[in-house]
Amino acid sequence: MAGTLGALRDTRREWMINRSRLIAAVLALIAVLGVLVYRYYSLQITQHDDFMTQSDRNRIRVEVIPPTRGQIVDRKGRLLAANKPTFVIGVVRERSEDPAALVGILTERLSLTDRELKAFQERSDRRRPFEAVPIKLGLDDAALATVAVDLHQLPGVVVDAQLTRDYPYGEALSHVLGYVGRVSAEDLAELDTERYRGTLHTGKVGLEKRYEPLLHGKPGYQHIETNAHGRVLRVLEKQAPVPGKNLRLYLDLDLQREAVAALGDQRGAVVALDPLTGGVLAMVSNPSYDANLFVEGISYSDYAELRGSLDTPLLNRAVQGQYPPGSTVKPLISLGALARDFITPDTEIPDPGWYRLPGDDRRYRDWTLRVRGTGHAETVDLRMAIAESCDTYYYDLAHRMGIDAMAEVLQPFGLGQRTGIDTTGEQDGILPSTAWKRAALGEPWYPGETISAGIGQGYMLTTPLQLAQAAMVLANRGESFVPSVVHRVDDLTVGGVQRPPIPMDDADWQAVVAGMVDVVHSPRGTAAVIAKGVGYQIAGKTGTSQVVSIAQDAIYDEDAISERNRNHGLFVAFAPVENPRIVVAVIAENGGGSGAASPVARQIMDAWLNEASDA
Amino acid sequence: MPEYSRFFEGSDRDFARAQTPAERLHLDVVLLMPMLAIMTAGLFVLFSASDGDWDTVNRQIRNFVVGFAVLLVVAQIRLDTFQRWAPTLYLGALLLLLLVPFFGVGAKGAQRWLSLGVIRFQPSEIMKIAMPLMVAAWVVRNGLPPRPSTTVTTLLIIALPAAAIATQPDLGTAILVGASGAFVVFMAGVSWWQIFSGALAALACIWPAWLFLLRDYQKQRILTLFNPEADRLGAGWNIIQSKTAIGSGGWSGKGYLQGTQSHLDFLPESQTDFIIAVLAEEWGLRGVLLLLLLYGLVVSRGLWISFTAQTSYGRLLASAITLTFGVYVLVNMGMVAGILPVVGVPLPFVSFGGTSIVTLLLGFGILSAISTEKRVLSR
């Protein structure tokens, strides 16, 4: 009995212990459950808003849609700077099992350069998770087909289409249009980074740079839902980008190509203006380069070659080249002299073939002295002085006017100052005067320097565009416009900005223009060679500018000096003389004389006037 | 017979009414009802987590069916049979565990599987069941409450397989298997001073364990718990994304099948270990609380079965199985919510997976057997 009772007591005790342990276990469970519930409450109620935002940020990405860059077309609407679809090959690290090996495969297949790999590395360092990092840019259809056709099958490789700038006419227009290049860190410092999010290129030089704010446009945005792998599932909200504005140029593609052809291998520049608007019909600087090279980043060796070339292909000679204008200033000096009554059209000056300042032994030679051993004639009047480019006449005139009066009369024609053309890098040149020399060189003016200034030599420097602009004033008999490459930005006309006209007697214009007509159309004119078979009247002026100064009494011998020391040949002209429709300025670097320049002008004017189908 | 049965409270009423089909099958309806509710809800969550993949849902149903078959069979077994066979089962499982390092096949740097031709299984899963069976048998055999010497031998019985599992390495399972044995010891009435000294000893083991036992990835998981932001795309990704999923669910959730975190693949392991995050995102806190309520019902019933069990063995076994089940739920939900390290513990009856479901239902079969044992005795 006691045994049974003991067993029962044991059972009872076991049961008691068990119950107390059960209660302890339940209490422990409830305590842990309380912590758990509190945790879920805290996540789902207290921090709900934060996590909701987090969740949205996870799946919703604001993506910038870069605007389409405005295109550039010529006066007839032909595309000069277009947007070409190209392909970008990118790498998404998260989707590749072995990113390093993948990059290796791509390097081999795409023949990636060290520069491309370095750029890829830099972009990779800034990437977001699941973002495709471009490794090869600017592949066109053909390249994609040959080299990358099955690449998208590799995990981690994405092939994306995008628009890149394309200059279909390459070298012919590089100096006019300039080019775009990859947005660099320096660019971002001055650009509005908000507007350039997602944009890969920006204008670096030329029109592309000058009109950058208009060409660029405004980016759009879209809220896209993506999954964890970055795949876009749907667009939730979209604000379309505003495309950049299109530029319509005054420039005529055919004329531009004619000018390129006319210059041929000749180093130099051509500027053709429309005298009625100041619009640039053609602007060539030779040699040139292919702007397309710069779009995706020019290779170091290519750039070094362009940069180091003696021919300075990167220099836009039309606006950046500074040359002594030579005799092309003579018509302008004449107009000033007529206006200020230093001469009349009938004033005659004796011409022995040289000029000597009173009380000075030094002889200033006329160019005829070398050719004919004598002057142009016994006496020379204005018309003949211009037609035959009589130096003696202008030595004398310059001496009588003095350098400051000469600077004053040349200044309204825009010599020695930027024209304000709508491109980049334009240079001033120099219009010398006593004040200029004191300021620039800290020296007094010497009378002898006035004499050479009279024939556009010495300190005087002008750009081909300035010469063309001055010729436009002559063509318009005083009317002047700011030279402009761009005619319209979308529908807004930006070209044809008028300057205050230069008031001058009609007779004075007539006298000078008559001389310029004789330059071409008189048998003794300095550009008579181009008169043959011409179907319209040309008014022109030749010029030769010295690259090296010739010692006193030394004879200039073309053959004896090296090519790069030969004189530059210049020619400015407008046509037809009455009712002019084209103005041309040509400089043939080291061309020897104006004979290298004037046929170029003729060819361009022929192209424009004979085929002119639009006014 | 009637006079004998008077010893047992309420037994007249048992005899007064006819046996229901469930009783005849040895099934505990009160235990199974909330369990079936959890399974049903789980299938819905799985459907969403698998992005509407019927195949996954069908396979899970198949897992349930197989598990139920096991449950039905196990529920018929008499408790003393378990008690008798426990050492054999335990030693067999231990042997298999020890074979794993030599014949095992691995995945992700851990060897956990044994392959028997077509069937691959984890000996550690068998040990989940064998451990409480064995420990309960051992302590009951040596007399309750356990004497200190019994406690020591019991701890050895627990530690041996736990260590074997930990070296696979599968720290999570090792801890849970160890815990299921420890619960038996606790319920058996080991004195509190023994418990506290044991706990102190365990704490003292943490430092050397960190230095010598834990692998780098395990340390990583624990460190990640404290600072998931340190490696947003790597180790911290899972926990950040699961917290985001849970937190963005709010009170009422984003709606069924509307969870962006899971449907857009931000949530890792969304069909298995992290499935509670899918439920929390789509059904909100109220869904979480409802699920916890169902689990609470299951655990309550399990503890009631323990409370009313006829034998010490049944009591100990029922409480150990039930508490382990509760710990599974808490550990899983705790790790997904970022308050426990990420150990591979599925959410019972909700996470996708064949082995764990069969093991769980096997345990519930034992619970059913215990629950109906009294009636067997009383007959």
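Reader: Which residue stands opposite A:Gln222 in β9(A)?

Author: A:Lys238 does. This is a predicted model, in which local features need pLDDT of at least 70, side-chain atom pairs count only at pLDDT 80 or more, and totals for chains, interfaces and linings use all residues. Residues are numbered from 1 along each chain as its sequence is written, while chains are lettered from A and ligands numbered from 1 in the order in which they are written.

Reader: How many bridges join β8 to β9 in chain A?

Author: In general, strands of a sheet pair through backbone hydrogen bonds, either parallel or antiparallel. Strands here are DSSP runs of E, at least two residues, and helices are runs of H or I, at least four, numbered from the N terminus. Two strands pair if DSSP finds at least two bridges between them. Strand β8 (residues 220-226) of chain A has six bridges to β9(A), and the two run antiparallel.

Reader: In what order do the strands of that sheet lie?

Author: The order is β1-β8-β9 in chain A, an open sheet of three strands with antiparallel pairing. β1 (60-65) and β9 (232-239) of chain A are the edge strands, each pairing on one side only.

Reader: Which elements of chain A touch chain B?

Author: Contact means that C-beta atoms, placed from the backbone, lie within 7 Å. By that rule 31 residues of chain A are in contact with 38 residues of chain B. On the chain A side, α1 (2-46) and α2 (48-59) are the elements that give two or more residues. α1(A) gives the most, with 18 residues.

Key. Contact = placed C-beta atoms within 7 Å.
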